[in-house]
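Have a look at the structure first, and then we'll get into the details.

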Amino acid sequence: MAAPCPPPPPDPQFVLRGTQSPVHALHFCKGAQAQGRPLLFSGSQSGLVHVWSLQTRRAVTTLDGHGGQCVTWLQTLPQGHQLLSQGRDLKLCLWDLAEGRSAVVDSVCLESVGFCRSSILAGGQPRWTLAVPGKGSDEVQILEMPSKTSVCALKPKADAKLGMPMCLRLWQADCSSRPLLLAGYEDGSVVLWDVSEQKVCSRIACHEEPVMDLDFDSQKARGISGSAGKALAVWSLDGQQALQVRGTHELTNPGIAEVTIRPDRKILATAGWDHRIRVFHWRTMQPLAVLAFHSAAVQCVAFTADGLLAAGSKDQRISLWSLYPRA
């Protein structure tokens, strides 16, 4: 007797239309609640940031601060009413969204025209740390914010031949106040930097193609990266700050634009150039779903704290999915 076929993947819970431009960045804001639900920020190729209410399923505000140049990264600060947006206009804008405002209150000029998205490390303190692609093609610049004071430039040794940084992830171990940076590079390597010492702690060759994105589970000391190639790489970090490749997962088609682990660390999602969203069990890397809704490359994925998944695509649509609800 033939084994029963797995159930077909679900349809999106709902779809947001109205960006009128390919969607390149998504971010849920935990602090900014609209009728009890988080707000969703989307960044588009046309340079606009749309702020969406999940209650009305409409854009409540549109922010225009990047001169028509693609918005590649969005992040809110812990207080919830300040938003960072990075654009291909070589500008990183800080927006004040408190009490209905929508003003750029500060900006950082970037010196790299690459695709590398920035990263922040921010607790509840007024000061926070920002990592941005640096002046040299292989550099990462670390700034103290909001003063914009340069802390250091992380530059690999000349013989390392890492190429450009492609993705950045600042983090801090629970038992330490020292900031660490995970960076994926053009040559396919993932590198762990000690920011204070300005030194490489560990480097692993994960991919044969440029690393397009990575995410890190600091509780499990385990991370995942996707590339322009056909594999996801899972790696871990030991107590001596040494990275080790734990395994790879072959994909049907090349190209992962973004990979993100759900906040409860149970599942993860990838944004595929092949128009697909793929969902995996994080501990086992068992494939759980392939969501084939979009008609062009999926360029970004994001989770809410309670598990709702959003995906943005070149087809100008944002799909929202309720998958494997949190227990």
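## Salt bridges

Asp187 is partly exposed, with a relative accessible area of 27% (buried means under 20%, exposed over 50%, partly exposed in between, using a 1.4 Å probe and protein chains only). Its partner is Arg203: the two side chains meet in a salt bridge, 2.9 Å from N to O (a salt bridge is a side-chain nitrogen of Lys or Arg within 4 Å of a carboxyl oxygen of Asp or Glu). Asp187 sits in the loop between strand 15 and strand 16, while Arg203 belongs to strand 17 (residues 199-205), so the pair ties together parts that are 16 residues apart in sequence. Arg203 is partly exposed too, at 41%. Strands here, like helices, are DSSP runs numbered from the N terminus (E, at least two residues, for strands; H or I, at least four, for helices).

A word on where this comes from: the model is predicted, so local features need pLDDT of at least 70 and side-chain atom pairs count only at pLDDT 80 or more, whereas totals for chains, interfaces and linings use all residues. Residues are numbered from 1 along each chain as its sequence is written, and side-chain values use heavy atoms, with hydrogens and water left out.

By the salt-bridge rule, the count comes to 14. One of them pairs Arg127 with Glu144, with the closest N and O atoms 3.7 Å apart. That pair links distant parts of the chain: Arg127 is in the loop between strand 10 (119-121) and strand 11 (128-133), and Glu144 is in strand 12, 17 residues apart. Arg127 is exposed at 57%, and Glu144 is partly exposed at 27%.

Then there's Asp96 with Arg101, where the closest N and O atoms are 2.6 Å apart. Asp96 counts as buried, at 14% relative accessibility, whereas Arg101 is partly exposed at 40%. Salt bridges that share partners join Asp96, Glu99 and Arg101 into one network.

## The nonpolar core

Which residues touch the most other members of the largest nonpolar core? They are Val140, Leu154 and Leu181, out of 17 residues in that core. (A nonpolar core is a set of buried Ala, Val, Leu, Ile, Met, Phe, Trp, Tyr and Cys residues joined through side-chain atoms within 4.5 Å.) The elements giving two or more residues to this core are strand 12 (140-145), strand 13 (149-154), strand 14 (165-172), strand 15 (179-185) and strand 16 (189-194). Strand 15 gives the most, with 3 residues. As background, nonpolar side chains tend to be buried together in soluble globular proteins.

Take Leu154 as a place to start browsing. Leaving aside neighbours within four places in sequence, Leu154 is in contact (heavy atoms within 4.5 Å) with residues including Val140, Ile142, Leu181, Trp193 and Val195. Asp138, Glu139 and Gln198 are also on the contact list of Leu154.

Strand 12 and strand 13 pair over 5 bridges in the antiparallel sense, and Ile142 has Cys152 as its bridge partner in strand 13.

Another open sheet of 4 strands has the order 18-19-20-21, again with antiparallel pairing. Its edges are strand 18 (211-217) and strand 21 (243-250), each with a single partner strand, so one side of each is left without a neighbour in the sheet. Strand 20 (residues 231-237) and strand 21 run antiparallel and are joined by 7 bridges. In strand 21, Glu250 is the bridge partner of Ala231.

## Cysteines

How many disulfides does a search of the whole structure find? It finds 0 (a disulfide is a pair of cysteine sulfur atoms within 2.5 Å). Cys29 is in no disulfide, and the nearest cysteine sulfur, that of Cys300, is 17 Å away. At 1% relative accessibility, Cys29 counts as buried.

Cys109 is exposed, with a relative accessible area of 64%.

Note on methods. Pairing = 2+ DSSP bridges.
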